[in-house]
Amino acid sequence: MKLLIIFGLVLSSLIFALNYDDIAYAQFSNQNTLKVSFENNLLPSYEMPLVSGQTFTLTQNHSWVQDETSRYNLASYTLDGETVKISRTARGDFTLTIPTDSSHSVVFTAVPQYALSVEGTNDFSYLPSSPTNDNWFDLGTEVSINVQKTTEIEANKVRQEITGWSLDKSEFWNIDDDGSTSFTTPPIMMNEYHLVDFFTSYQYKLNVISDSGETSGSGWYEQGITVPIGLDAGGDGLVLNSLSEWEGADVTYDGNVAQVFIDGPVTVSAKVEKNYSLVVGMIIIPILIIGVVGYRKFKNRSPQVEEKPVERIVEKVIERVEEPEKKYDDGYDKKLSEYLSEQIKSKLDEMYSEKIISDSKFLKFSGID
Amino acid sequence: MLSEEDLIARIMKVKSLKENCFKYLEEISKELLTQKILFAIAELTAEKMGPVKLSEIAEKTTGAHDKSKQDLVRLTIEKSLLKCGLAEKLKYASNDVRYILTAYRFQKIKEIDSFRGESSQPIGDVFELPKNTWPISDEFYLLLAKKHGYEQSLKKLHSDFDSDVIPRGKYETLNSDYKKSLDQINEKLDSKYSGLEALVVSES
């Protein structure tokens, strides 16, 4: 009896289960559906049931990986035959509200993109800019990179100058100094991943200053260069100015040309001294001569006046101006400094001829580079 | 980039090489690409004061830096220079590999295997790469030149004073200034470039 009851229960459960599947299938077959597919089968198609009266939101990633160096990015969708462009962005999800009153189909269109990386500088822009506002570009587009040639590292002291660039570390080009502040690469075809590497060198500011006259040599220079500097001291009327020494840096001399070796930002100031010899020659001596001549005339007219001591004093003054006592050479400091420069240069020449210094280094020391 | 101290250490070191590796430095290998690469790495390193890229070595040794030339140079470096410990490969980034020599002076050795165990015996003099290929900063050469300049200038100053060309006051001032400058140069040569001056100048 018990066995009969158990058998009956099992049989009724089976019959109910079969009937429930039929009911569920019947419900699904009556529902509206959404068919989602991708142009060129970039991703597998799928189908979703739409429940009438409820809001349905379709979600799709804006970008997805194709391989190690490329990705796909959504460009448009077609809803029941009507194509709509999508606002391009690199990250996040694209959402679309689908009406549930009837069945629909959505076809997404995506484009392949490749990255264009830039190294060596942060001060650059893409021409044209990326459709996804990053460094990824659609297959087949041509992109240039515009870069600022100089970047100031420390105001008026140190700056970075772009000197060349390479594409994918295989082709190299120098960037000439044509006076422009920026450089734009030729168009790069985006059909694969590309890396643009900018080469830079540091430049240092040399300031040549003076309280009077005009200086030369100020500017930006690369490390290791020897720069000639100069001063046109000029004068204030009859008072002439002359350079006595340079201060602020180790100034060497190549013949009469003062030079500064650039190993960082440097300020050199000229020490100027006043030279009154022209004043003495053109004003004081004539006055004294006129004085003496006048005095002699006066003496001839009035012989009774005692003149000798005054005349002697004036003559002695003239003597002192015309024939100064010079036992020692006044320009000895300068001569010794010139001798020092000659010796330094001769040692560099010697090391070069003995093949201790390479050609390129020697050229740098000679300031020819 | 490598520090200046590291580069100087490579110059100061004398590396022992077995005959099969020392041959790359000898006259018999003059026409071999391996020796050309070795000298190219040395010259480029001296110019840049740091390790050099494969494309630069290829350009200097073959006159081109296309992929096939770079592959040829890389293979040569790997099969000979790296294997013998003459050069070193430094990886700065996944796509930035550079090369540098491990030393600039080399001693040929012969390995002796006896009942006392293995030992090595030097053969001949120390071989050094040309001094103008050593990675030494410009500052060092300028210091050497200035040292010579100040020494000679002081000699002239003493002699001029003895000949009564300048007065005592001027002599004392200049003597003190020039000596001070010379002392500063010597101090820098002794501290930053210790041992290098003797190697570069005295043995040249």
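Some bookkeeping comes first. Residues count from 1 along each chain as its sequence is written, with chains lettered from A and ligands numbered from 1 in the order in which they are written. Because the model is predicted, local features need pLDDT of at least 70 and side-chain atom pairs count only at pLDDT 80 or more, while totals for chains, interfaces and linings use all residues.

A residue is called buried if 20 or more other C-beta atoms lie within 10 Å of its own, exposed if 12 or fewer, and partly exposed in between, with C-beta atoms placed from the backbone. Among the contacts in chain A between residues at least 6 apart in sequence, 62% link residues at least 24 apart. Contact here means that the C-beta atoms of two residues, placed from the backbone, lie within 7 Å.

Chain B has eight helices and six strands. Read from the N terminus, its elements go α-β-α-α-β-α-α-β-β-β-β-α-α-α. Buried residues account for 32% of the 204 residues in this chain. For contacts in chain B with a separation of 6 or more, 59% come from residues 24 or more positions apart.

Chain B also holds an open sheet of three strands, in the order 2-4-3 and with antiparallel pairing. Strand 2 (52-53) and strand 3 (87-93) of chain B sit at the edges with a single partner strand each, so one side of each has no neighbour in the sheet. Two strands are taken to pair if DSSP finds at least two bridges between them. Strand 2 of chain B pairs with strand 4 (residues 96-101) of chain B over two bridges, in the antiparallel sense, and B:K53 has B:R98 in strand 4 as its bridge partner. Helix 3 of chain B packs on the sheet and touches strand 2, strand 3 and strand 4 of chain B, its direction making about 105° with that of strand 4. For such angles, axes are lines fitted to C-alpha atoms, for helices over the stretch in contact, and the angles run from 0 to 180 degrees between N-to-C directions. Strand 3 and strand 4 of chain B are antiparallel as well, over six bridges, and a hairpin joins strand 3 to strand 4 through two residues. Within this pairing, B:L90 stands opposite B:R98 of strand 4.

Now for where the chains meet. On the chain B side, 30 residues are in contact with 25 residues of chain A. Helix 3 (33-48), helix 6 (138-162) and helix 7 (168-192) of chain B each supply at least two residues of the side that touches chain A, and helix 6 gives the most, with 14 residues. By class, that side of chain B has 13 nonpolar, nine polar and eight charged residues. In this scheme Ala, Val, Leu, Ile, Met, Phe, Trp, Tyr, Cys and Pro count as nonpolar, Asp, Glu, Lys and Arg as charged, and the others, Gly among them, as polar.

Helix 6 of chain B has 25 residues and reaches 36 Å from its first C-alpha to its last, close to the 36 Å expected at 1.5 Å a residue; the expected span is 1.5 Å times one less than the number of residues. Its buried residues include B:Y141, B:L144, B:H148, B:Y150 and B:L157. The buried residues of helix 7 of chain B are B:L174, B:Y178 and B:I185, and what covers them includes helix 4 (332-353) of chain A together with helix 6 of chain B.

Most residues other than glycine have a negative phi, and most peptide bonds are trans. B:D164, in the loop between helix 6 and helix 7 of chain B, has a positive phi near 60° and counts as exposed, with 10 C-beta neighbours inside 10 Å. A:D168 lies in the loop between strand 13 (158-167) and strand 14 (171-174) of chain A; its phi is positive too, near 55°, and with 14 other C-beta atoms within 10 Å A:D168 is partly exposed. Finally, A:L127 and A:P128 are joined by a cis peptide bond with omega about -5°, and A:P128 is in the loop between strand 9 (124-127) and strand 10 (136-138) of chain A.

Conventions:
Helix = DSSP H or I, 4+ residues; strand = E, 2+ residues; numbered from the N terminus.
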